[in-house]
Amino acid sequence: MKNKRIVIYVAFGVILLLSPSFLNAYWVDVLNNVGLYTILALSLNIILGHAGLFHMGHAAFYALGAYTTAIINTTYHIPILWLLPVSGLVAGLAALVVARPIIHLRGDYLLIVTIGLVEIIRIALVNNVFGITGGSNGIFGISRPVLLGWKINKPWEFFYLIWGFAAVTIFLFDRLEKSRFGRALNYLREDDVAAEGSGINTAHYKLIAFVIGAFWAGMVGNIFAAKMTIIAPESFNFWESVVLFMIVLLGGRGSIPGVILGSFLVLGLPEIFRQFATARMLIFGAFMVVMMIFRTEGILPPLPRKYPIAKVLGREGSV
Amino acid sequence: MELFIQQLTNGLAVGGIYALIALGYTMVYGVLKLINFAHGDLFTIGAYLGLTLLTTLGLTNYLGPFGVVIVLALMVMGLVAIVGAALERVAYRPLRTSHRLSAVVSALGASIFFQNAVMLIYGARYKVYPHDILPRTAIHVFGLDIPLIRLLILLTSIVMMIGLYLFIQRTKIGTAIRAAAIDQGAAKLMGINVDRVIMIVFLIGPALGGAAGLMVGLYYGQINFTMGWLYGLKAFTAAILGGIGNIPGAMVGGLLLGVIEAMGAAYISIAWKDAIAFCVLILILIVRPTGLLGERVAEKI
Amino acid sequence: MSTLLSLKNLTKRFGGLVAVDHVSFDVETGSIVGLIGPNGAGKTTVFNLITGNYRPDEGEVVFEDRSIKNLPTHQIVSLGISRTFQTIRLFQKLSAIENVLAGCHCRMKAGSLAGMFRPPAQRREERQALETALQELQFVGLHDDAEQLAENLSYGNQRLLEIARALATQPRFIILDEPAGGMNNQETAALIETIRKIRDRGITVLLIEHDMSLVMEACEHLVVIENGAKIAEGTPQAIQNDPKVIEAYLGTDEE
Amino acid sequence: MKKVLFFALILCLMAGTAVSAGTIKIGLMAPITGAWASEGQDMQQIVELLAEEINAAGGINGQKIEILTEDDGGDPRTAALAAQRLSTQGIVAVIGTYGSAVTEASQGIYDEAGLIQVANGSTAIRLSEKGLKYFMRTCPRDDEQGLVAFKTLKSGGYKSIAILHDNSSYAKGLADEAKALLEKDGANIVFYDALTPKENDYSAILTKMKAAKPDVVFFTGYYGEAGLLLRQKMEMNWNVPFLGGDATNNPDLVKIAGNDAAAGFMFLSPPVPQDLDSQEAKAFMTAYKKKYNAEPGSVWAVLSGDGLRVVAEAIKATGSTEQDKLVAYLKTKMDNFPGLTGQISFNDKGDRVGDLYRVYKVDNNGKFIMQ
């Protein structure tokens, strides 16, 4: 069973890696969007999937990262990729400040507050707050990234940048969720009081989950800004947060393969349904309902973590 | 002062509509703990059905303005209630025992579906109600002109809220709804047909949403297929503000949200109005984590 | 013997109700102490006050000569007090071993970055935690169920799993809230053994229990509360013969 | 699950190969879904109607044209995808789109692909200031309209002016242009703020605006909101004149406001075919009514029709589908081509030249009367 899964993942990875060679620029660009949303949804997955916090405002952090990049790049002409950590830091810091007072809110109250956050940020951007966001025009003229002397411009070039970043994210997040930190998030998701009673600083972990999620979303914002070269507040509206929320839940809360598949479905299906023209979103909506009914835990719910129990027991026996 | 009172009435009129939609949200939430994201679209459907009935049935030939409104309201509420019940049956019932977030995705899917269905059926352009249905008289108080219909909207919302409250508190079905809201399992053991209770909730909630849609159509005239999303979000905010699951809370939350928006627009900035409303909401929730009238349940350990 | 935990005039009110009313008693290091009283007497509230789930309105909780009444729960746990819950609060969707690993959490250091980059120290620590967790499972006799989901265990085994989780925090003081609840006689007898073994590891035990056979057999010292106030304290024999206790508690509540 | 993926793959392949040969392909990028779906669907109807007419008349130089429509959803990210998709399908030029921010997200992609883009509703100034070779538009620019607005307000003799926009890229741009010109001229801007589009109740805003006592209100947003503003303004018995920008040019405005509330409302707009007595405009009106049994919506959708017509004309005149030749023709040789919205010529930047704007006033019967 486990081997079969690995074979599927490897095959998927190889096909994905080679896909720019047989897809046209349009489909490569669709995959680029899927990639960006995969990373975003993975970062939301830490907060929503693992820590179980109802966070429907992830686009706020994504926006902060994109705007940080855009503002610094267009005013000081610092190369885009250097700004990757800066964007992450700004978003992460914002999360730290914002999340602290609201983190204790229960389920749906937290949901509406995070919706409020993303709306406040969007309205601030539209109203050209501090005169640096360019209002509803947004910011344009963002430069293209240069990686090791190679200017990234074409869809297939972005494809490798984005999916490379996605691969790193998947690798790190997979380790993260199989560590003390990942477990702590699951404990507090399952039972806040029992987690605290087992010695877990739940408030701290909720906060850190927010910060890590926001940090990553900020970095995705950086790549998004570089790809679009123009960013406007409308790209970060509440609906984007809803899309991310749907990806995580449709794919499977707390499951990395699930989230990746969720991104493919939520971003890819409307593109595939394009031939239905005006009815495409109707079909998409119906699809979501049907999918949830037949796979209530998401399409690929997480597998339980494995521990080398036999190994440890065996060693103990020999001592 | 005059300006203040004028803005207060502006806010209350808008708030009355928020409150009416929020009532439906809160009822469904109270029993199922489900945020019915498709509720706003039921509101849209109410507005469109109202227009269709109004233009096809020719009620204005037989009835006076208020007769038309009442007949129309009953029909719209009935039809939207059926849509709501069907929605529950198809999209929510299969998910009742699973994690509550799964139902949220189903609700979002249903919302996308309804919105696009309305667009496909009625087209994407604005639709407009006939202008001459309701009398456009205004009453004069404190030197202000307050359109009569605004007062009627507010009044209707309050009457519906009180009616709903009495229904929940005083009738047998209401008791069953309250019981199911507290503990579905225990309610079942007490011989309450929980499926039926949920069905009733999904008849009443959407009916109220549909009524709100009709009201918006009749008063403002202009309707479009995306309007449910915005109103739905506002009503959800209102329900949370008042304490979700709490019927007077939805009313208070709706009216308060309307007033905060109007005051924010009047005294701070129009462009920042929604941000101001959300800031107030966040501040209120920081101080009262379960909303204004929400019960503070100390968790039993 | 020295005093490990000392409650001084502990008081907690919920609205108009005085749930705990000026309760004072000491727990000696290395003892097994029972807290008994009729339903609704405020026993669990006393526990919640010790573990920081509730804040006392008056009074003092002193653990190893240090006031802990304003510390958050997780910090109290890391000082060496751990507990089980009256209504079982396991992480039902997680495996038994992960439930016990939760207890190891407070003795570990690796943060999120270490989780991502896995330096050798982090790997050692994970290995160590896994060993500890397995030992604790073995201690309560659940090592064969390590990979079972908590929700699939029997009621009695869930109680034991909670104890294993509490032990994994490496406490000096453990609080058991009705550990025999839902257990049959055989299981209860085994539980008494386990409680003694816990004490033999040098861990002081405070427990709430309605099963009088367990209380009388396992406990060396009893504290009786009624309506939030302490009415008696002493050895099981003394308590059994205390007329006040018989009237308030044993006379009415014994099955 | 595997079946779903397989099905998806098949669909992808189908989508990639659905291209037939032997025709001149022209793209249309329009907001078919989303908030501006009504504009996009109108654009599609008009462009398809005109393509049918061209084909019925034997095509261009004997070749039929084929319209490939892509939905940009009124959203920059979707637009970038739509642009990628169109640029891989062997088209000669692309018509569209509506919103400026949306156009902006697609400009670079078309430029890199060497495709001509003829925008129809994107009036932001900067779109044609980037020096993109293949970008053109049939609509006028915001600065042009700002100037006309200024002149209209000045000639009206208004001293205190309220300006209201909706914070969209377009409306804010126009509001800023007008405000700057008015302030330079010494007019008193007593109110300047933005409403939230797509709401239904603007009475709080009107109440606040009324307290500022302006002589005139200049609203730069869209017709839906304008209709409601007019209606609610009448309800509160406030008789201030309203001037609207070109996005208010839509017959639905009167439907929303009602005849009595809309009467006297003035707006600026390029002329719609209804008001032109050119042969092209009349023929178009007849054909549109015949096919769709309605009047065309806004002028922006009609401008997409003009986009198609100028491209067709360029192909016909040059006898080529090479983008460089076509652009050269459009920018330098095309002179007062008879469009559906008047005569069309382009300057070097690809902007349409000529005084396009007219002032319209709504009469008591709800008709738009060109002044």
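**Interface and helix packing in a predicted model**

The side chains of B:Arg100 and A:Asp108 form a salt bridge, with an N to O distance of 2.7 Å. The model is predicted. Across the interface of chain A and chain B, one salt bridge is found.

The interface itself joins 43 residues of chain A to 46 residues of chain B. About 3900 Å² is buried between the two chains. Carbon and sulfur atoms give 82% of this area. On the chain A side, A:Asp108, A:Tyr109 and A:Ile112 lose the most area to chain B. Together these three residues make up 17% of what that side buries.

Within chain B, helix H1 (residues 2–32) packs against helix H8 (residues 194–220), with axes that come within 9 Å. The axes cross at roughly 165 degrees. Angles over 145 degrees count as roughly antiparallel, and H1(B) and H8(B) are therefore roughly antiparallel to each other. Their crossing is left-handed.

H1(B) contributes B:Val14, B:Ile17, B:Leu20, B:Ile21, B:Leu23, B:Gly24, B:Met27, B:Val28, B:Val31 and B:Leu32 to the contact. From H8(B) come B:Ile198, B:Val201, B:Phe202, B:Ile204, B:Gly205, B:Leu208, B:Ala212, B:Met215, B:Val216 and B:Tyr220. Of the residues in this contact, 18 are nonpolar and two are polar. None is charged.

Notes:
Residues are numbered from 1 along each chain as its sequence is written. Chains are lettered from A and ligands numbered from 1 in the order in which they are written. This is a predicted model: local features need pLDDT of at least 70, side-chain atom pairs count only at pLDDT 80 or more; totals for chains, interfaces and linings use all residues. Side-chain values use heavy atoms; hydrogens and water are left out. Axes are lines fitted to C-alpha atoms, for helices over the stretch in contact, and angles run from 0 to 180 degrees between N-to-C directions. Helices (H or I, at least four residues) and strands (E, at least two) are DSSP runs, numbered from the N terminus. Angles under 35 degrees count as roughly parallel, over 145 as roughly antiparallel, 65 to 115 as roughly perpendicular and the rest as oblique. A crossing is left-handed if the near helix is turned anticlockwise from the far one by less than a right angle, and right-handed if clockwise. Contact means heavy atoms within 4.5 Å. Ala, Val, Leu, Ile, Met, Phe, Trp, Tyr, Cys and Pro count as nonpolar, Asp, Glu, Lys and Arg as charged, and the others, Gly among them, as polar. Buried area is the accessible area (1.4 Å probe) that two parts lose on being put together, summed over both. A salt bridge is a side-chain nitrogen of Lys or Arg within 4 Å of a carboxyl oxygen of Asp or Glu.
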